Amino acid sequence: MSEVIAVMNQKGGCGKTTTVVNTATSLAVMGKSVLVVDMDPQANATTSFGIDKNELENTIYDAIIGDINVKKATIPTFIKNLFIIPSNISLSGAGVELSQKENYHIILKETLNDVMPLFDYIFIDLPPSLGVLTVNALVASDSVLIPIQAEYYALEGVADLINTIKLVEQRLKSPTPIKGILLTLYDKRTRLSRDVHKELKNYFGKSNLLFKTIIPRNIRLAEAPSFGKPCLIYDPESTGTKAYLKLAKEILERDGSD
Ligand code: ADP
Ligand code: MG
């Protein structure tokens, strides 16, 4: 059975793409078969795997708007067990095109149906908005992982995000539980980071939604994409690599399949 996880936060720069790329890589290295679906027209996840977004024959756009089968857009990365449906700028018009279609919110779900049985985990990377693509991702997903950056106003916008999740649940009868809240870009030397951690524990600790794993601010995580590599390949010993391996383990534990 595959599990589809949307990594979502309408705030830019909170570590969504970094989380998708490095968690997916960690799970693949642990032997799971994993698919990354790049739903961001900026295509940062695509380029993080060293794929040239301007040289793509088929993308997620062709799979959801065009009439190619999704399998044609699903390509291997250089990492064993890890595949990607890449994206590029063509996806930027997809929101408008999708909203003109009947039942537009279920199109991604239907698109992914054909590849679903092939993977243990499918991670959806999203742009920083709560638009049509996000609604499609919610309907297509089994759960949502929310990265939150350790900074001022960290929780701002999270209420809107949770509202969107609830609206989709009520209106489209498609509940998407929160898989976990992930504290990212954490700097243990700063009081601010510690304060945000405390705040998150207050909000989400009791419901067990907060992942125990914390992702530290680590320069290697920021450097790796410019080499077209996930951090685990770029620098296996870095604290960033270790943190995402730990997160992958925690996800497996939560799923009871470690
Ligand atoms: P989003 O997808 O939410 O916009 P990204 O994952 O692209 O966020 O991260 C934003 C920027 O911060 C990128 O340049 C990325 O390399 C960097 N970054 C993300 N997480 C970390 C981290 N834990 N430590 C250092 N840099 C990070
Ligand atoms: Mg991103």
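Predicted model: local features only at pLDDT ≥ 70, side-chain atom pairs only at ≥ 80, totals over all residues.

Biologist: Where does P216 lie?

Modeller: The loop that holds P216 runs between α9 (191-205) and α10 (219-223).

Biologist: Why does P216 count as partly exposed?

Modeller: Burial is judged by counting C-beta neighbours, and a residue needs 20 or more within 10 Å to be buried, while 12 or fewer make it exposed. P216 counts as partly exposed because it has 18 C-beta neighbours inside 10 Å.

Biologist: Which residues is P216 in contact with, leaving aside neighbours within four places in sequence?

Modeller: Y186, T239, G240 and A243. Of the elements here, helix α12 covers residues 239-254.

Biologist: How far does α12 reach from its first C-alpha to its last?

Modeller: α12 has 16 residues and reaches 22 Å, close to the 22 Å expected at 1.5 Å a residue. Just after α12, G256 has a positive phi of about 70 degrees.

Biologist: Which residues of α12 are buried?

Modeller: An α-helix has 3.6 residues a turn, so residues three or four places apart point the same way. The buried residues of α12 are G240, T241, A243, Y244, L245, L247, A248 and I251. Their cover includes α1 (16-29), β7 (178-184), α10 and α11 (231-234).

Biologist: Which residues come nearest to ligand 1?

Modeller: G15, K16, T17, T18 and A222, out of 18 residues around ligand 1. The largest share of that shell, three residues, comes from α1. By type, the shell holds seven nonpolar, nine polar and two charged residues.

Definitions and conventions: Residues numbered from 1 in each chain as written. Chains lettered and ligands numbered in written order. Helix = DSSP H or I, 4+ residues; strand = E, 2+ residues; numbered from the N terminus. Contact = placed C-beta atoms within 7 Å. Expected span 1.5 Å × (residues − 1). Near = placed C-beta within 6 Å. Nonpolar A, V, L, I, M, F, W, Y, C, P; charged D, E, K, R; others polar.
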